[in-house]
Amino acid sequence: MDINFVIEKFVLITILFAISLLIAMYSTYAERKVAAFLQDRLGPDRAGPFGILQPLADGVKMFMKEEIIPANANKWLFMVGPGLAMLCACIGTAVIPWGQDMVIGDRVIPLQVTDINVGLLYIFGVISLGVYGVMIGGWASNNKYSLLSAIRAASQNISYEIAMGLSIIALLLVSNSLSLKEIVEQQHGFNWNFWYQPLGFLIFMVCAFAETNRAPFDLPECEAELNGGYHMEYSSMKLGFYLFAEYINMFVSSTVMAALYFGGYNYPGMDYIAAQWGPTWAPLFGTFIFFMKIFAFIFFFMWVRWTIPRFRYDQLMNLGWKTLIPLAIANIIVTGIVIALTNNF
Amino acid sequence: MAHNHPVYTDNDPQSELVTLNLGPTHPATHGVFQNVLQMDGERIVSGVSTIGYIHRAFEKIAEHRPFYQITPLTDRLNYCSSPINNMGWHMTVEKLLNIQIPKRVDYLRVIIMELSRISDHIICNTIIAQDTGATTTFLYLFQFREHIYEIFEEICGARLTTNIGRIGGLERDFNEIAFAKINKFLKEFPVALREFESLLNRNRIFIDRTAGVAEVTQEAALNYSWTGPLLRATGIDYDVRVSEPYSSYQDFDFEVPVGTSGDVFDRYLVRNEEMWQSIRIIEQALEKVKTEPKGIFHADVPDFYLPGKEEVYNNMEALIYHFKIVMGEIDAPKAEVYHAVEGGNGELGFYLINDGGRTPYRLHFRRPSFINYSMYAKMSEGMLLSDAIINMSSMNIIAGELDA
């Protein structure tokens with residue numbers, strides 16, 4: 001094997017990992033600042049200028065806190081839970097194409113860790129696994145509130161995965177591929193999938209909110225009823241892992257939405273930029289655009305959280321099973337008919 | 001029922017039910033009280049309420065205190081609207097002593113009471129929003145409670161446990177800053193309240209969460225002697241301010257809002273509308289105060305109203321009264337009185353039996369939270385956990401008033 005290949009991938013993975021963690025860290029800061037902005041407050045402003053060091057302070061605090069494992073908890077699973085949540089959150093970014101192939105000298109470097117031909121399925125698999133962290137943590141805590149929360153999380157994620165999967169099927173009909181790289185390539189310029197699949201995107205986005213346990217679907221950690229739910233008994237960095245995993249999941253969901261429906265690194269006028277800047281810098285600019293889209297989605301997540309109330313458990317299920325799934329199926333049928341008509345006539 | 005032994009036992013291994021302790025320290029209880037629930041998944045099968053975690057035996061303590069020293073005890077009943085409790089107590093004693101209160105004092109008292117009603121309703125309604133997850137709406141309105149406390153601070157020096165007023169009137173007149181602050185509040189608060197309503201009243205999720213939850217029939221509400229916004233939400237227009245006016249409430253023009261189904265949404269709407277009506281009352285009271293002679297802030301009852309320090313040092317009569325009041329030399333008439341005011345949560349009554357001495361022979365507080373709460377466990381049966389918690393928030397159970 002080419003040693004350069006190994007180095008390339010190693011560097012890419014390291015950067016990705018660092019970026020995921022950095023974005024998760026600063027998402028916590030951004031969340032507090034956005035909340036403060038929406039609520040007429042200042043938000044964190046003590047640590048460093050504009051409170052910019054607040055995430056570091058929080059991180060140090062998390063590490064220094066005493067670690068408490070409840071006496072009656074299942075110790076092994078209690079420790080596995082947050083680890084699993086974090087692991088599943090971090091490996092999701094592996095199949096995301098971050099930019100067009102970059103050319104340095106005569107070497108072509110793909111800005112993607114791996115382009116597996118079922119990339120979309122991989123992402124779904126990883127997201128589905130994510131709920132195990134919550135379930136195991138909630139169950140192992142041996143606390144009734146945590147258990148209720150774990151049950152809520154499990155049923156919520158399973159229900160919304162179905163609608164999410166169905167909304168993706170319509171997208172697959174349009175794109176004819178499961179490879180994320182290909183799907184993104186097809187959306188060259190301004191030819192974004194969103195224009196073909198607006199309803200699909202809406203369903204996907206609602207499900208993404210539910211999958212990441214964000215408001216208005218944050219029932220598993222509903223602070224008014226379940227006092228934090230599955231991570232109620234956790235302390236120290238184990239708690240930090242759960243909170244971090246949530247923000248990384250939010251980042252991954254935003255990334256997937258941006259890549260599938262909003263063209264990923266594609267933007268109008270990209271050919272002109274590529275011609276002007278050359279094949280080394282233009283892809284990086286595409287990556288920059290991609291991140292802008294991701295940040296816009298992350299902001300949207302926060303905006304929603306601080307604006308609307310949360311659903312009740314049965315209303316959540318009703319929305320998932322009685323509204324989103326029929327809509328997604330209708331979307332598949334309409335998409336199929338339109339494609340069949342445009343191909344044959 | 002539930003004293004120092006488990007309410008439910010989980011001995012049956014075949015049982016599908018889970019016992020869940022909701023409280024005593026649970027964020028949704030907003031105070032110290034417990035509900036032991038039998039849960040079938042998310043659904044509550046049955047529940048038992050345990051109260052008394054902050055029982056301070058106020059009624060017993062009151063038997064050993066002169067009347068004017070009982071006011072601080074009433075502060076600690078419903079501490080979200082202490083001034084109403086204070087005023088209710090003063091008026092009870094005034095009824096016992098047959099003291100006529102000047103109109104201006106009545107109006108000033110109405111201003112204070114309506115301000116505290118607003119602060120009480122702000123707490124309840126924003127907490128409903130908070131418990132449904134709408135934190136931002138909670139914060140929008142909640143800062144106005146702070147402004148109300150600033151007004152209280154200007155009027156009496158204290159914020160939460162106000163100990164406001166004295167038997168026979170107020171301990172001092174409103175100063176110019178206090179009036180300025182009230183006017184400022186009247187200008188700013190309606191804007192925020194309108195914004196708060198626009199965020200929730202037509203919010204689909206909020207309506208889904210609250211409408212139809214914990215519906216109560218008029219019959220059930222009356223059977224449990226509910227009063228206040230909870231009763232009015234069922235459609236019964238009982239308001240002590242109207243049915244038995246005190247402190248010159250008959251001089252004011254305001255409406256008593258009623259609901260239809262008694263569910264959480266109706267209670268929320270009733271409380272919101274009451275805030276609007278309170279604003280109206282305060283505006284009218286400010287106008288009325290202007291027409292009254294200036295500077296009167298207490299009735300002329302030297303036997304019971306403590307004279308100012310300056311007078312005590314310079315005037316023999318005042319010194320004598322001061323001594324007699326403080327040493328408890330003045331006896332009150334032998335009588336039995338009941339006086340009720342419309343508190344934040346309903347009819348707040350004081351049942352006072354005096355045997356002629358300087359302290360009550362027996363004093364009973366009719367605490368609306370305690371009486372309203374008696375239906376809670378029964379209401380919760382068959383509810384989802386989330387609904388039970390919204391229901392609790394909308395009943396505005398204040399632990400201090402629940403346990404006394």
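## The contact between A:Arg310 and A:Asp218

In this predicted model, the side chain of A:Arg310 makes a polar contact with the side chain of A:Asp218 at 2.9 Å. A polar contact is a pair of N or O atoms within 3.5 Å; within protein, one must be able to donate a hydrogen and the other to accept it, and residues adjacent in sequence count only if both atoms are side-chain atoms. The two side chains also meet in a salt bridge (2.9 Å, N to O), a term that denotes a side-chain nitrogen of Lys or Arg within 4 Å of a carboxyl oxygen of Asp or Glu. A:Arg310 lies in the loop between α10 and α11 of chain A and A:Asp218 in the loop between α7 and α8 of chain A, so the pair ties together parts that are 92 residues apart in sequence. Helices (H or I, at least four residues) and strands (E, at least two) are DSSP runs, numbered from the N terminus.

A:Arg310 counts as buried at 2% relative accessibility, and A:Asp218 is buried as well. Buried means under 20% relative accessible area, exposed over 50%, and partly exposed in between (1.4 Å probe, protein chains only).

## Conventions

Residues are numbered from 1 along each chain as its sequence is written, and chains are lettered from A and ligands numbered from 1 in the order in which they are written. For this predicted model, local features need pLDDT of at least 70 and side-chain atom pairs count only at pLDDT 80 or more, while totals for chains, interfaces and linings use all residues; side-chain values use heavy atoms, with hydrogens and water left out.

## Other salt bridges

Over all chains, a search of the whole structure finds 31 salt bridges. A:Lys238 forms one with A:Glu67, the closest N and O atoms being 2.0 Å apart. This pair links distant parts of the chain, 171 residues apart: A:Lys238 is in helix α9 (residues 236–261) of chain A and A:Glu67 in the loop between α2 (54–64) and α3 (75–91) of chain A. A:Lys238 is buried, with a relative accessible area of 12%, whereas A:Glu67 counts as partly exposed at 39% relative accessibility.

The side chains of A:Arg214 and A:Glu246 meet in a salt bridge as well (3.4 Å, N to O). A:Arg214 is in the loop between α7 (198–211) and α8 (223–226) of chain A, and A:Glu246 is in helix α9 of chain A, 32 residues apart. A:Arg214 counts as buried at 0% relative accessibility, and A:Glu246 is buried with a relative accessible area of 9%. In chain B, a network of salt bridges links B:Glu114, B:Arg117, B:Arg232, B:Asp239, B:Arg241, B:Glu274 and B:Glu342.

## Surroundings of A:Lys293

A:Lys293 is placed in helix α10 (residues 270–305) of chain A and is buried, with a relative accessible area of 12%. A polar atom of the A:Lys293 side chain lies 2.7 Å from the backbone oxygen of A:Phe262, and the side chain reaches the backbone oxygen of A:Asn266 at 2.6 Å.

Not counting residues up to four places away in sequence, A:Lys293 touches A:Trp192, A:Ala258, A:Phe262, A:Gly263, A:Gly264 and A:Asn266, where contact means heavy atoms within 4.5 Å.

## Interface of chains A and B

The contact takes 32 residues from chain B and 22 residues from chain A. About 2400 Å² is buried between the two chains, of which carbon and sulfur atoms give 56%; buried area is the accessible area (1.4 Å probe) that two parts lose on being put together, summed over both. In chain B, B:Glu42, B:Thr136 and B:Ile205 lose the most area to chain A, together 23% of what that side buries.

Across this interface the rule finds 2 salt bridges. A:Arg312 and B:Asp387 meet in a salt bridge through their side chains (2.8 Å, N to O). The largest share of the side of chain B that touches chain A, 5 residues, comes from β1(B).

## Positive phi angles

A:Asn142 has a positive phi of about 55° although it is not a glycine; its place is in the loop between α4 (119–140) and α5 (144–175) of chain A. B:Ser248, likewise not a glycine, has a positive phi of about 60°. B:Ser248 is in the loop between α10 (240–243) and α11 (264–291) of chain B and counts as buried at 5% relative accessibility.
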